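User: I'm new to this one and would like to go through it with you piece by piece. Could we begin with the charged side chains?

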Amino acid sequence: MKKNPPLKRSTAYLLALWIWALPSIGRAWHDETHIAIAKAAGYEKWFNAAGADIAKIKAGDIENKNHYVYNPPGAVVTAKMVLDQADRYNDPDDTDGHLYGAIVAAIRRYRTTTRSGKYAEYHIAFCAHYVGDLSQPLHNVPYTPYNQQHHTATDGLINDEVLFNRPLIEIYPVEVRSEMDLAREIARIANLSLQLGYRLEKEGRMLSRQEAYEQISHSASLFKAVLRWVKGSGN
């Protein structure tokens, strides 16, 4: 069998290492976790909830930057910050990411498309995914060596079981009657998530199973409120 020259082997290794280290590409709660969040929220097209990750394969950074925000230590997310990010939706050059604004922008596009009489459901599917990413702690903090080491394991922590553990996803009351309400709720969950992300890094540990269910409960509760708002009268 013909062996690759040492230089080619080294090049292949470095290329694989570089691909692995790319920030957040292909990384988010895994499919079943996103689907479980959408089902718990009562979304009738829950099967589309993983679609935004599929879009990354062809859209690259146009989609990728919609899935995270690199908040520096001590950051506090505000409703204004959330709304300001909405204009950066699908911007591939936004190195810090704009997950929070992507949720708002997806809803804006759903409502605009609905009013034009066109099929708008895929915008809600994108929103479902982004709201799911909002509760993943490591999508709210920089891609540090800790994040790199633990990200994939965190994404898949409850994935194999979550569809069978619906009672562990707690739906609590969230009121969303306007875009500002939505921005405030996004900011609330973002702050919980980023604080948890930094705490995990400080303690040098993985997210626990209980913490994972608490986090996705935030996402499911918010998405249920979003559906009630946009699917009701006056879309």
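Analyst: In this predicted model, D84 is partly exposed, with a relative accessible area of 40%, and its side chain meets that of K80 in a salt bridge, 2.8 Å from N to O. K80 is exposed, at 58% relative accessible area.

User: Where do K80 and D84 sit relative to one another in the helix?

Analyst: They are four residues apart in helix α5, which means that about one helical turn separates K80 and D84.

User: How many salt bridges turn up in the whole structure?

Analyst: The search finds 12 salt bridges. Among them is the one between E185 and R188, whose side chains meet at 2.8 Å, N to O; these two residues are three apart in helix α9, so they too are separated by about one helical turn.

User: Let's switch to aromatics. How many aromatic pairs are there?

Analyst: The count comes to six aromatic pairs. One of them is W46 with F47, where the ring centres are 5.6 Å apart and the planes stand at 75 degrees, so the pair is edge-to-face. W46 counts as partly exposed at 31% relative accessibility, and F47 likewise counts as partly exposed, at 46%.

Another pair is Y89 with Y130, with ring centres 6.1 Å apart and planes at 85 degrees, so this pair is edge-to-face as well.

User: Where in the chain are Y89 and Y130?

Analyst: The pair links distant parts of the chain, since Y89 lies in the loop between α5 and α6 and Y130 lies in helix α7, 41 residues apart. Y89 is buried, with a relative accessible area of 11%, and Y130 is buried too, with a value of 0%. Ring pairs also bring in F126, so that Y89, F126 and Y130 are linked into a cluster.

User: Going back to W46, what sits over its ring?

Analyst: That is the charged end of K39, which sits over the ring of W46 at 4.5 Å from its centre.

User: You mentioned α7. Why would you call it enclosed?

Analyst: Of the 14 residues of α7, 11 are buried, so the helix is largely enclosed by the rest of the structure. The buried ones include E121, I124, H129, Y130 and D133, and what covers the buried residues of α7 includes α2, α3, α4, α6, α9 and α10.

User: And how far apart are the end C-alpha atoms of α7?

Analyst: They are 20 Å apart, and at 1.5 Å a residue the 14 residues of α7 should span 20 Å, so the two values agree.

User: Which residues have the most contacts inside the largest nonpolar core?

Analyst: F223 is one of them, together with Y100, L182, I186 and L222, in a core of 62 residues. At least two residues of this core come from each of α2, α5, α6, α7, α9 and α10, and the largest share, 11 residues, comes from α10.

How values were computed. Residues numbered from 1 in each chain as written. Predicted model: local features only at pLDDT ≥ 70, side-chain atom pairs only at ≥ 80, totals over all residues. Heavy atoms only, no water. Core = buried A, V, L, I, M, F, W, Y, C linked by side-chain atoms within 4.5 Å. Buried < 20%, exposed > 50% of the residue type's maximum accessible area, 1.4 Å probe, protein only. Phe/Tyr/Trp six-rings, centres within 6.5 Å; stacked < 30°, edge-to-face > 60°. Lys NZ or Arg CZ within 6 Å of the ring centre and 35° of its normal. Salt bridge = Lys/Arg side-chain N within 4 Å of Asp/Glu carboxyl O. Expected span 1.5 Å × (residues − 1). Contact = heavy atoms within 4.5 Å.
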